[in-house]
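Q: I have a new structure open and would like to go through it. Can we start with how the helices sit on the sheets?

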Amino acid sequence: MDVDKIIDKYGGKRRYLIAILQDVQEEERYLPKEALCRVAERLGMPLVDVFGVATFYSAFSLVPRGRHEVTVCVGTACHVRGSRRILEEFERRIGVRAGCTTEDLEFTLETVNCLGCCAIGPVVVVDKAYNGEMTTGRVKGIVDRCREAAKVEAS
Amino acid sequence: MITLKINGIDVAVEKGTTLLEAAKFYGINLPTLCHDDGLTPYGACRLCVVEIGTGDRTQLVSACTYPAEQGLVVRTHSRRVTDVRRMMIEMYLATCPSSKTIQDLASKWGVSRCRFEVKHEDCVLCGLCVRMCAQQMDGRAIGFVGRGKNRRITTPFDEKSDVCRLCGGCMYICPACQSRCQGPQERSPICNACVACEPPCLVPWDDMKCYMDPCVWCEQETKRKLLAESKVQE
């Protein structure tokens, strides 16, 4: 099982709980119930503590995330530069509300309150790449590029 | 032994004693929601706040987590402490008006209004049940889940836990799930049944005046004052 490999990598030590969960999240794009149970069992921790950590951090998800993660900053600086309109454009193009994942598990659309780079706002993070000075016009291109990448992978 | 001053009296306690334990040992009762003698201190409810230090440089700390220090000057019922405490009780009332424990606190501290939007939560996140489960029952079936306003206490995945033995310890210790007096109730967050009772301390003094619990001196003082006022009106 993959989870066991990850736990072995960290020597099965409790202090690496978050690192282990991060790796599981990276691999599976969410934290499956079985994985959390296995982690708790291997680290000798109560399941409720592992569950508490998994639900505390927004980087972890208990439901499957999309292949492409789009995060729109709606912090103050981005907001005054029109991030609301950009978010709406993403919602329209992708077809889900903020905080949701498409049914085909292609996209997850999230909002964030600040990314710390207000100077280049409005900021949108697509698959960990920061896109500064975002406009509604660029949204279509980004979404299409993600969709094409998925098609190339599939073929 | 460590010597310190609580409400003007010199007291001596063992090293490692918390201010709450010290006060309790000397007969000064502090209100708490999240403290239990058999569980580790947690400092969640903040109702046990006391004022430490002298002069202009006093600060408020939670007595249940603050260890007694040599020469510390502690005031448990100063005006500042009382104001803060009453404000917190008012907020607890808004969170959980259906709890008898909180209603009793409110009437004891003379909190007669609630200016916040009433939420009717069934939990004040004091963490007593979580510690009870882990420390006394060796269960570890429930814990805090989520963060911020979504923080709540539950079992993993909200399912019945394999390690829960249904001992009921969590419900036994919960300060929020005991329902309030079932007297004639107005549509108000303040329990109606206690409105007629006179709160023991209506006047916030700068320091505790006596060590009776409830403080009788100020009650008599209040009565005397009320009597004088009524005479003036006559």
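Q: Which strands does helix α2 of chain B lie across?
A: In this predicted model, helix α2 (residues 79-95) of chain B lies across β3 (49-52), β4 and β5 of chain B. Helix α2(B) runs at about 160° to β3(B). Axes here are lines fitted to C-alpha atoms, for helices over the stretch in contact, and angles run from 0 to 180 degrees between N-to-C directions. Helices (H or I, at least four residues) and strands (E, at least two) are DSSP runs, numbered from the N terminus.

Q: What is the strand order in that open sheet of chain B?
A: The order is β2-β1-β5-β3-β4 in chain B, an open sheet of five strands with mixed pairing. Two strands pair if DSSP finds at least two bridges between them.

Q: Which strands stand at the edges?
A: They are β2 (9-13) and β4 (59-62) of chain B. Each has a single partner strand, so one side of each is left without a neighbour in the sheet. From one strand to the next, the twist averages 40°.

Q: How do β1 and β5 of chain B run?
A: Strand β1 (residues 2-6) of chain B and strand β5 (residues 73-75) of chain B run parallel, joined by two bridges. K5(B) has V73(B) in β5(B) as its bridge partner.

Q: Before going on, how are residues and chains labelled, and what is counted?
A: Residues are numbered from 1 along each chain as its sequence is written, while chains are lettered from A and ligands numbered from 1 in the order in which they are written. As this is a predicted model, local features need pLDDT of at least 70 and side-chain atom pairs count only at pLDDT 80 or more, while totals for chains, interfaces and linings use all residues; side-chain values use heavy atoms, with hydrogens and water left out.

Q: Chain A next. What order do the strands of its open sheet have?
A: That open sheet of four strands has the order β2-β1-β3-β4 (chain A), with mixed pairing. At its edges stand β2 (107-112) and β4 (129-131) of chain A, each with a single partner strand, so one side of each is left without a neighbour in the sheet.

Q: How do β3 and β4 of chain A run?
A: Strand β3 (residues 124-126) of chain A and β4(A) run antiparallel, with three bridges joining them. V126(A) stands opposite A129(A) in β4(A).

Q: Which strands does helix α6 of chain A touch?
A: Helix α6 (residues 83-94) touches β1 (68-73), β2 and β3 of chain A. Its direction makes about 155° with that of β1(A).

Q: Where is P122(A)?
A: P122(A) is in the loop between β2 and β3 of chain A. A cis peptide bond joins G121(A) and P122(A), with omega about -5°.

Q: Now the interface. How many residues does each chain give to the contact?
A: Chain A gives 11 residues and chain B gives 13 residues, contact meaning heavy atoms within 4.5 Å.

Q: Which residues form the salt bridge?
A: E159(B) forms a salt bridge with K33(A), and the closest N and O atoms are 2.8 Å apart. The term means a side-chain nitrogen of Lys or Arg within 4 Å of a carboxyl oxygen of Asp or Glu.

Q: Which elements give two or more residues to the side of chain A that touches chain B?
A: They are α3 (33-43) and α4 (47-56) of chain A. α4(A) gives the most, with seven residues.
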